[in-house]
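Open the model in your viewer and keep the sequence panel beside it.

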Amino acid sequence: MTKVLVVDDEPTVREVVVGYLRRDGHEVAEAGDGTTALELLEADPPDLVVLDMMLPGVHGLDVLRRVRATSDIPVIMLTARAEESDRVAGLELGADDYVVKPFSPRELAARVNGVLRRTNGRQAAAALGPIVHGPLTVEPLSRQVTLDGRVIEMTPKEFDVLAFLAASPRQVFSRAQLLESVWQSSPEWQDPATVTVHMRRIRNKIEDDPEHPRWITTVWGVGYRFEP
């Protein structure tokens, strides 16, 4: 049984979300503030965190920073703000997905299940062995990327995107296809800008000139392609 930690300062929201997740067979813990969330994360790390951005005490983004400093536990952010800058803030810090309030509990439960399926599938992907393209190596087992012998630090989602593209060189993927395959989320639920943000971050880490990428190119009007 997978364990999910739900962090939100609104008891009604927690009650509804917890109910849907338990209905799907998950063990669920809950916290109403950032301090309690950090204590639970340290005492009994979950398989996934549903984390509200606006929390009393320790802010949701600060909780995310501390999680990412020591762990690659998947995190789905909740935010009452619809501005792109707020969504980008969580993604930049390494959130795996986000949901804007008010949201459908069924949609959130589907997002949780999708992220967990992808996480559980990492072991199967690792059995395929490292993906090597010249000086760039993507190692599914250790989830490590090296370029010219240097280890490139990446968030879990950045790694997933790069590994997906590198496994199918020269194939073009639209943002909708990437959302469905990597995020395992319907494009109707997710902002395509999520893909754009992750591509920019990956390019900043692996490209000598991110404005003129060598590894991940843009096929205008279509999507993205990995160049071996």
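Two strands count as paired if DSSP finds at least two bridges between them. Helices (H or I, at least four residues) and strands (E, at least two) are DSSP runs, numbered from the N terminus. The model is predicted: local features need pLDDT of at least 70, side-chain atom pairs count only at pLDDT 80 or more, and totals for chains, interfaces and linings use all residues. Residues are numbered from 1 along each chain as its sequence is written, and side-chain values use heavy atoms, with hydrogens and water left out.

**Stop 1: the sheet**

Select E6, E7, E8 and E9. These four strands make an open sheet in the order E6-E7-E8-E9, with antiparallel pairing. Strand E6 (131-133) and E9 are the edges; each has a single partner strand, so one side of each lacks a neighbour in the sheet. From one strand to the next, the twist averages 20 degrees. In general, sheet strands pair through backbone hydrogen bonds, either parallel or antiparallel.

Now zoom to E6 and strand E7 (residues 136-139). Three bridges join these antiparallel strands. Pick His 133: Leu 136 in E7 stands opposite.

**Stop 2: the helix across the sheet**

H7 lies across E6, E7 and E8, at about 110 degrees to E7. Axes here are lines fitted to C-alpha atoms, for helices over the stretch in contact, and angles run from 0 to 180 degrees between N-to-C directions. Contact means heavy atoms within 4.5 Å.

Is H7 enclosed or open? Ten of its eleven residues are buried, so H7 is largely enclosed by the rest of the structure. Buried means under 20% relative accessible area, exposed over 50%, and partly exposed in between (1.4 Å probe, protein chains only). Among the buried residues are Pro 156, Phe 159 and Leu 165, and also Lys 157, Glu 158 and Asp 160.

Click Val 161, in helix H7. Val 161 is buried, at 1% relative accessible area. Which residues does Val 161 touch, leaving out those up to four places away in sequence? Show Val 182, Trp 183, Met 199 and Ile 202. Then draw a C-alpha to C-alpha distance from Val 161 to Leu 91: 13 Å in space, for 70 residues in sequence.

**Stop 3: two loop residues**

Go to Asp 148, in the loop between strand E8 (144-147) and strand E9 (150-152). Its phi is near 55 degrees, a positive value in a residue other than glycine. Asp 148 is exposed, with 58% relative accessible area.

Next, pick Arg 170, in the loop between helix H7 (156-166) and strand E10 (172-173). Arg 170 is not a glycine, yet has a positive phi of about 70 degrees. Arg 170 counts as exposed at 57% relative accessibility.

**Stop 4: a cis proline**

Select Lys 101 and Pro 102. The peptide bond from Lys 101 to Pro 102 is cis, with omega near -10 degrees. Pro 102 sits in the loop between strand E5 (97-100) and helix H5 (105-120).

**Stop 5: a helix pair**

Finish with helix H2 (residues 34-43) and helix H3 (residues 60-70). Their axes come within 10 Å and cross at roughly 15 degrees. H2 and H3 are therefore roughly parallel to each other; angles under 35 degrees count as roughly parallel, over 145 as roughly antiparallel, 65 to 115 as roughly perpendicular and the rest as oblique. Show side chains for the contact: Gly 34, Leu 38 and Leu 41 of H2, with Val 63, Arg 66 and Val 67 of H3.
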